Amino acid sequence: MELTHLKYFLEVAKNEHVTKSAHNLCIVQPALTQAIHKLEDELGVPLFKTQGRNIKLTECGSFFYKHLKPLYEDIEALPEQLRAMANKENKTLNLNALAASSFVTDAVIQYKQIDPELQINLIQSLETTLYDISVRTCEHYDSTPGPDEEVFVCPEKIFLAVPNTPQYKKMTYASLADFKDETFIGLYGTKVLGYICKEFCRRVGFDLNVTFVSDNSNVVKDAVAGGIGVGFWPEFSWGKMDHRKVRLLDITDGEMTRDIVVTLRRNKQDNSRAEKFFQFLTNILKKESSKRSRVQKGVAAPEK
């Protein structure tokens with residue numbers, strides 16, 4: 001059955017008048033009559049019967065009209081519904097933050113001031129592939145992006161966080177080997193970073209002993225400041241180390257870094273909004289990386 005023939009049938013069934021229906025449909029009467037006859041032949045039943053000068057629906061025609069009308073209305077509404085769905089999809093960004101969640105959250109808050117209509121759904125799932133942008137971490141990124149993906153990689157230095165006590169007050173660097181008997185403090189939910197730190201300690205020659213884990217980076221700062229233990233602190237993704245009772249020491253046993261990997265997946269009809277946020281997020285990372293390079297070279301970073 002052709003949709004056009006179904007449309008013609010519904011119009012004739014509503015009016016029970018061929019001439020009027022042909023006028024409403026902007027077609028000639030013989031063409032309309034032929035279309036109705038073709039539909040009846042395809043269905044194998046008569047849909048109309050002559051009653052004087054008028055036509056009436058047969059019992060089969062009434063049944064067909066009753067069930068076809070809501071179906072056809074749904075079909076007609078589909079294009080507009082699809083356009084609305086696509087518009088909503090283009091205004092929604094699924095962001096899978098598997099690392100640097102504090103950094104990502106701050107970036108989202110900043111970006112909402114630029115594009116307040118963008119709905120950003122923050123998720124944390126290792127299994128899902130239903131995202132537009134993901135932020136994750138690994139020791140060394142060496143994968144190949146997919147055909148519809150764009151990847152930005154930013155190395156991040158990892159420091160050793162110690163209490164700012166007389167024992168460490170004058171230190172700017174340290175060997176991890178000297179802390180093999182210390183208790184360590186960690187941040188809950190940082191499995192990949194925890195693995196990187198454990199592997200680095202293992203290469204230095206000892207097993208990392210994490211005795212206290214918190215889900216709040218501020219609690220980690222306070223615990224280190226209070227002498228409960230020492231910990232590892234990524235350079236910028238957990239936020240600035242602004243606790244005066246905590247010192248960050250360079251680790252001398254080798255370059256202890258991790259890669260922050262930002263992936264853009266172009267999986268929508270319109271990816272422009274996701275691309276703009278991806279550029280915004282990676283530009284912040286580039287600025288942090290540039291600032292870090294200037295500081296390492298002994299050049300003070302300019303004031304914002």
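Helix H1 crosses helix H2 in a right-handed sense (the near helix is turned clockwise from the far one by less than a right angle). The contact (heavy atoms within 4.5 Å) uses Lys7, Tyr8, Glu11, Val12 and Asn15 of H1. From H2 come Lys20, Ser21, Asn24 and Leu25. These residues split into three nonpolar, three polar and three charged.

This is a predicted model: local features need pLDDT of at least 70, side-chain atom pairs count only at pLDDT 80 or more, and totals for chains, interfaces and linings use all residues. Numbering starts from 1 along each chain as its sequence is written, and side-chain values use heavy atoms, without hydrogens and water.

Now the geometry. H1 covers residues 3-15 and H2 residues 18-25; helices are DSSP runs of H or I, at least four residues, numbered from the N terminus. Their axes lie 9 Å apart, at an angle of about 130 degrees.

Phe9 sits in H1 and Phe64 in H4 (residues 59-90). The pair links parts of the chain 55 residues apart.

How far does confidence reach? Mean pLDDT (the predictor's confidence in each residue, from 0 to 100) is 88 for the chain, and 94% of residues reach 70 or more. Over residues 299-304 pLDDT stays under 50. The model has five contacts beyond four places in sequence for that stretch. Where pLDDT is low, predicted coordinates should not be read in detail.

Definitions and conventions
Axes fitted to C-alpha atoms, helices over the stretch in contact; angles between N-to-C directions. Helix = DSSP H or I, 4+ residues; strand = E, 2+ residues; numbered from the N terminus. Nonpolar A, V, L, I, M, F, W, Y, C, P; charged D, E, K, R; others polar.
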